[in-house]
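Dear colleague,

Please find the structure below, together with a short account of what was found in it.

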Amino acid sequence: MPLKMDEGWNQIELNLPDLTRRAYGTNYAETLRVQVHANCSPRRICFADRLYSDEELPSEFKLYLPVQKA
């Protein structure tokens, strides 16, 4: 499944039940393993029951754009 990545930090959200149904025609049950390759440097990987708005997230889960110095 192709993903487009921009320069810098990216936030990727995958709907695992929908992805599993579309790709394999089955129901999503559970995630047993997550494999991260050496060319990635994730800040964190987390699982949630739904998408949360930015207002609902704690500050440590938010991604902030770098401040441009004038």
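Where is the place of T20? T20 lies in helix α1, helices being DSSP runs (H or I) of at least four residues, numbered from the N terminus. Please note that this is a predicted model, in which local features need pLDDT of at least 70 and side-chain atom pairs count only at pLDDT 80 or more, while totals for chains, interfaces and linings use all residues. Residues are numbered from 1 along each chain as its sequence is written, and side-chain values use heavy atoms, with hydrogens and water left out.

T20 counts as buried because its relative accessibility is 15%; buried means under 20% relative accessible area, exposed over 50%, and partly exposed in between (1.4 Å probe, protein chains only). Leaving aside residues up to four places away in sequence, T20 touches G25, T26, N27 and Y28, a contact being heavy atoms within 4.5 Å.

The structure holds 4 salt bridges, each defined as a side-chain nitrogen of Lys or Arg within 4 Å of a carboxyl oxygen of Asp or Glu. D18, R21 and R22 are linked in a network of such bridges. The closest N and O atoms are 2.4 Å apart for R21 and D18, and 3.1 Å apart for R22 and D18. R21 and D18 are separated by about one helical turn, because they are 3 residues apart in helix α1. With a relative accessible area of 65%, R22 is exposed, whereas D18, at 21%, is partly exposed.

A further salt bridge joins R50 and E56, with the closest N and O atoms 2.9 Å apart.

Yours sincerely

Conventions. Helices (H or I, at least four residues) and strands (E, at least two) are DSSP runs, numbered from the N terminus.
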